[in-house]
Amino acid sequence: MSKRLLKKISFSGIRKLFSASPSFGLKMVRYFPNPFDDYKQNASLTIDKDEITNQINEHVKNITKRLQPSKKNVDGGLYVGISGVSFMFYYLSKNPFLSENKGIYLEKGMEYLQPALETSAGDKTSFLLGDAGTYALATVLNKELGNDQYKETLKMYKALLNQYLNPKFLKCGGDEFFVGRAGYIAGALWMSRELQTEVCAKEDLYKICDMMVTSGREYSKKRNSPSPLMYHYYNTEYLGAAHGVSFILQMLLSVPGYLHYNKSAAHDIKSTVEFIASLQTGDGNWPCCMEETGLADHKLVHWCHGAPGTIYLMAKAFLVYKEQKYMDACIRAAEVVWQKGLLRKGPGICHGVAGNGYVFLLLHRLTADEKYLYRAKMFADFLNSEAFLKDARLPDNPETLYEGTAGTVCFLSDLLVPDKAEFPFQDIFSTYTF
């Protein structure tokens, strides 16, 4: 992974600045005031699918104009490279309301992925920032296109497995989503669902899960953590979805049969989920990391750090354990997102309006309550508001999947089919039993 990307995805410097200078933090408004009235019970709700489709087409036109499928744009992988644009096209190809363009979307998806197959995006074992994600997407795209090359890229993905079983895999922290073991599991589960076949043997996934649990136990013991499992990324104990324990736990809950296979691990996983749930603040948010658990205010309401990402663990825990407290945690999280989720940082899904809008699509699927679909629509509408277009910041990578408009396109696409909506690579509903 390039030093530029490492710097880009590290938030520790920003956090330290705010901790050292609270007055500076107060001057910096992170979100737009929510201008919308909330949903009125039994109110009529209409999603203008033609309007949304036009918005998608306009975004796609701008993305393909401004970000070319060339080797110089491979760096950053699925996160901020052209592989993420390829994923966007594949995602659009699956939408039944856009089926007339399916062939075009698949061809464009391969066009944007091809340079990444010719030039490494970074570390081979990194799912979001490196080649593992490229192999996973190439496998699914080639299979959908009827190309036998999918067998080769699948073989390349599976060949990475033993590296994750090295106890010393990645000193920076080898268990999280972006570059670690949880990302590899996410890719394997995603491919299994898309291909409708078992990609990695359950026994192999169990080995990785065992390694993640062992890693979490050892680090927790070393740091005298109050949680049975704890992890670090560059020496920071993140809690959120990007680099933290919540995504790791979600993957451990998602691998079919693992909780029954390893009862000791299952106990520590459940206890750690309960610990994370206990850290939810009164307004519904979560601290960015363990060193911030004593602060009175937690400013980050992003998918990467805060309620919009941690909510996926709570939702998965609700589906696995059937305990109302996890649903209650999801509902509280949705409230803070409604109040503080119209982010000035841009339109993306990592730390932008679209990623926060996904919270409401998740709650709509969980509860079937139209209030959440209404809220998702309002967040989509805000992306076209004068206030947002005038005052929102331009992301570093404005056309990409996680930081830019390629992720926005996925969000808008899901508004067309809200009963199938899912944040990329974070589906909580599939059981992955084939």
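## Helix packing and a buried histidine

His-364 lies in helix 18, which spans residues 353–367. The model is predicted. His-364 has a relative accessible area of 9% and is therefore buried, as the cut-off for that class is under 20%. Leaving aside its neighbours within four places in sequence, His-364 is in contact with Asp-369, Glu-370, Tyr-372, Leu-373, Pro-418 and Asp-419.

Two helix pairs are described next. Packed helices are described by the angle between their axes and the distance between the axes.

| Helix pair | Residues | Angle between axes | Distance between axes |
|---|---|---|---|
| Helix 13 and helix 15 | 245–254 and 263–278 | about 140° | 11 Å |
| Helix 19 and helix 21 | 370–382 and 405–416 | roughly 140° | within 11 Å |

The axes of helix 19 and helix 21 cross at roughly 140°. Helix 19 is therefore oblique to helix 21, and their crossing is left-handed. On the helix 19 side, the residues that meet helix 21 are Leu-373, Ala-376, Lys-377 and Ala-380; their partners in helix 21 are Phe-411, Leu-412 and Leu-415. This contact has six nonpolar residues, one charged residue and no polar ones. Leu-373, in helix 19, is also among the residues in contact with His-364.

Helix 13 passes helix 15 in a left-handed crossing. Helix 13 contributes Val-245, Leu-249, Leu-252 and Leu-253 to the contact, and helix 15 contributes Ile-269, Thr-272, Val-273 and Ile-276. Seven of the residues in the contact of helix 13 with helix 15 are nonpolar, one is polar and none is charged.

Key: Residues are numbered from 1 along each chain as its sequence is written. This is a predicted model: local features need pLDDT of at least 70, side-chain atom pairs count only at pLDDT 80 or more; totals for chains, interfaces and linings use all residues. Side-chain values use heavy atoms; hydrogens and water are left out. Axes are lines fitted to C-alpha atoms, for helices over the stretch in contact, and angles run from 0 to 180 degrees between N-to-C directions. Helices (H or I, at least four residues) and strands (E, at least two) are DSSP runs, numbered from the N terminus. A crossing is left-handed if the near helix is turned anticlockwise from the far one by less than a right angle, and right-handed if clockwise. Contact means heavy atoms within 4.5 Å. Ala, Val, Leu, Ile, Met, Phe, Trp, Tyr, Cys and Pro count as nonpolar, Asp, Glu, Lys and Arg as charged, and the others, Gly among them, as polar. Angles under 35 degrees count as roughly parallel, over 145 as roughly antiparallel, 65 to 115 as roughly perpendicular and the rest as oblique. Buried means under 20% relative accessible area, exposed over 50%, partly exposed in between (1.4 Å probe, protein chains only).
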